[in-house]
Amino acid sequence: MKRYLTLGYGVLCYAVFLVSFLYAIGFVGNVVVPRTVDHGIAASVGEAVVVNLVLLGLFATQHSVMARPAFKQMWTRFVPQSIERSTYVLMSSLLLGLLFWQWRTMPQVVWHVSAPAGRYVLLTLFWAGWAIVLMSTFMISHFDLFGLRQVYLAWRGEPYRDLPFRTTMFYRVVRHPIMVGFLIAFWATPTMTAGHLMFALATTGYILIAIQLEEHDLTASLGDSYRNYRAEVPMMIPGLHHHGGHSAGPHHAV
């Protein structure tokens, strides 16, 4: 029974993630969904700034703190290791849902591209950014990243095994293609409002900090294989300080 509950919990957490991920595309792109970055709750500028920063801060804090090895070590004393990743994914998804639900509109227009060609390029980049994010998760291990592999192994009664460190496709061009995809998606918009700009600036700042934390953890756990990878492949901008060749080791980003 416990094994089936573990598997069911993992699948449920993944389903919640999938809904939040799809909603995020609509939220940032102002498509389909009822509440978006430009159509949230009406509020004064002061209220909007404070509430939106709190919402972004809550997500950033949870997303970074729960991903750290020290927290995981403490957390798994209370939560079975098989559902640790699923619980992390669930918490992140719920906090994203809170942000979507309570986001305050800041409608002032910062830039507006009306030329059809310009709009087409920016919208193409927007969708390409999300495609890069999703594709990059499968280039490492999508199902391990979102907790399904862990609960599946628990259901099989098998111990969890870390995946080998590997660099495939996008990971041979930049070390953090998932983050690159997010940045493209968040900034590529024909109409940039004050609210969208706040969202893009805050998430960019968070991404740059989170990458430093993640690289520290990866270097600590993988040692020379990750140091060599860092020396050979640029962090986020293709071609920057790339000296040729690829690491033979694997890559497992968070």
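Valine 32 is placed in the loop between α1 (2–29) and α2 (45–65), where helices (H or I, at least four residues) and strands (E, at least two) are DSSP runs numbered from the N terminus. Although valine 32 is not a glycine, its phi is positive, at about 70°. Most residues other than glycine have a negative phi. Valine 32 counts as exposed, because its relative accessibility is 87%; exposed means over 50% relative accessible area, buried under 20%, and partly exposed in between, computed with a 1.4 Å probe and protein chains only. The model is a predicted one, in which local features need pLDDT of at least 70 and side-chain atom pairs count only at pLDDT 80 or more, whereas totals for chains, interfaces and linings use all residues. Residues are numbered from 1 along each chain as its sequence is written, and side-chain values use heavy atoms, with hydrogens and water left out.

The loop between α1 and α2 also holds arginine 35, which is partly exposed, with a relative accessible area of 29%. When residues up to four places away in sequence are not counted, arginine 35 touches Tyr23, Phe27, Gly40, Ile41, Phe100, Trp101 and Gln102, a contact being defined by heavy atoms within 4.5 Å.

Taken as a whole, the protein has a secondary structure of 10 helices and two strands, and from the N terminus on its elements run in the order α-α-α-α-β-α-α-α-α-β-α-α. The radius of gyration is 19 Å, close to the 18 Å that the globule rule gives for 254 residues, so the protein is as compact as a globular protein of that length; the radius is taken over C-alpha atoms, and the rule is 2.2 Å times the number of residues to the power 0.38. The C-alpha trace spans about 55 × 50 × 30 Å along its principal axes. Of the 254 residues, 45% are buried, and among contacts with a separation of 6 or more, 76% are accounted for by residues 24 or more positions apart. The accessible surface comes to about 12,800 Å², of which carbon and sulfur atoms hold 72%, the areas coming from the Shrake-Rupley method with a 1.4 Å probe. There are 17 positive and 11 negative side chains, and the centres of the two sets lie 5 Å apart; here Lys and Arg count as positive and Asp and Glu as negative, while His and the chain ends are not counted, and the place of a charge is taken as NZ of Lys, CZ of Arg, CG of Asp or CD of Glu.

In the model, residues 41–61 are 81% helix and 0% strand, with end C-alpha atoms 23 Å apart, and residues 121–148 are 86% helix and 0% strand, with end C-alpha atoms 36 Å apart. For residues 55–189 the span is 63% helix and 3% strand, and the end C-alpha atoms lie 22 Å apart.

The buried residues of α7 (148–156) are Leu148, Arg149, Gln150, Val151, Leu153 and Ala154, and their cover includes α1, α4 (84–102) and α6 (142–145). After α7 comes glycine 157, with a positive phi near 75°. The loop between α7 and α8 (177–187) contains methionine 169, which has a positive phi of about 50° although it is not a glycine, and which counts as exposed at 54% relative accessibility. Arginine 166 is found in the loop between α7 and α8 as well and counts as partly exposed at 31% relative accessibility; its C-alpha atom is 36 Å from that of leucine 53, with the two residues 113 residues apart in sequence.

Leucine 213, in helix α9 (residues 194–222), is partly exposed, with a relative accessible area of 34%. Leaving aside residues up to four places away in sequence, leucine 213 touches Ser64 and Arg68, whereas its C-alpha atom is separated by 27 Å from that of tyrosine 23, 190 residues apart along the chain.
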